[in-house]
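Colleague: Could you walk me through this fold, starting with how the chain is laid out?

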Amino acid sequence: MTTTAMPAADSLPTRLAVQFADGEPRAFELLVATHYQTIHRTVQRLVGWSQAADGYDADDITQEVFARAIEKHRQFRADAQLPTWLTQIAINVCRSRARRRRLRQLFWAHQASEPAKRSTSTSPESHLETSESIQRAVARLATKHREAIVLHYLEERSVDEVATLLRTTPAAIRKRLARAREQLKPWVSEL
């Protein structure tokens, strides 16, 4: 009498990773269905909850993340973690968008008569978890400090994970977090 072993708890993510690396279309659909909301939330936080008026649209950026993922599926190592890989792509897309936005602003600065208005309205998903004052304060941080704060405190990733995602050392992340907390103190009464 033979018994079949029950699949390990992580076998579905592992199977998905292997199928995605192999370029199976159904795997990509499942990848999007599984990780879209998490990546979308991360993108919103990384861009500082800015709205489309600021040149950011979390939906567009999230779609770009998944478009890049499908373009680069051959570069994905099936033994890696899909959420980590997707988060790295999201960080890179957000950085790229921020650079392009700064270049456009510099180019058009001499013609602009009014400064761009920033919207601090919250998305339905995030307004319950984070007050508007914290959102505004985090949005004001330098990109490298905002990334560290978002990934560590809001996405609840360890310092080591954040260091891996941002391709730096844990010591550098701890330093960024400390500096960001110091910068946030005067801006947010709750801290």
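Modeller: Along the sequence the pattern runs α-α-α-α-α-α-α-α, that is, eight helices and zero strands. Helices (H or I, at least four residues) and strands (E, at least two) are DSSP runs, numbered from the N terminus. This is a predicted model, where local features need pLDDT of at least 70, side-chain atom pairs count only at pLDDT 80 or more, and totals for chains, interfaces and linings use all residues. Residues are numbered from 1 along each chain as its sequence is written, and side-chain values use heavy atoms, with hydrogens and water left out.

Colleague: What share of the 191 residues is buried?

Modeller: Buried means under 20% relative accessible area, exposed over 50%, and partly exposed in between (1.4 Å probe, protein chains only). Here, buried residues are 39% of the chain.

Colleague: Which residues have the most contacts inside the largest nonpolar core?

Modeller: A nonpolar core is a set of buried Ala, Val, Leu, Ile, Met, Phe, Trp, Tyr and Cys residues joined through side-chain atoms within 4.5 Å. The largest one has 42 residues, and Phe20, Val43, Leu82 and Trp85 have the most contacts inside it. Helix H4 (82-108) is among the helices that each supply at least two residues; H4 gives the most, with eight.

Colleague: What does Val43 touch beyond its neighbours within four places in sequence?

Modeller: Contact means heavy atoms within 4.5 Å. On that basis Val43 meets Ala58, Ile61, Thr62, Val65, Ala90 and Cys94.

Colleague: Why does Thr62 count as buried?

Modeller: Because its relative accessibility is 0%. Thr62 lies in helix H3 and, leaving out residues up to four places away in sequence, touches Tyr36, Ile39, His40 and Val43.
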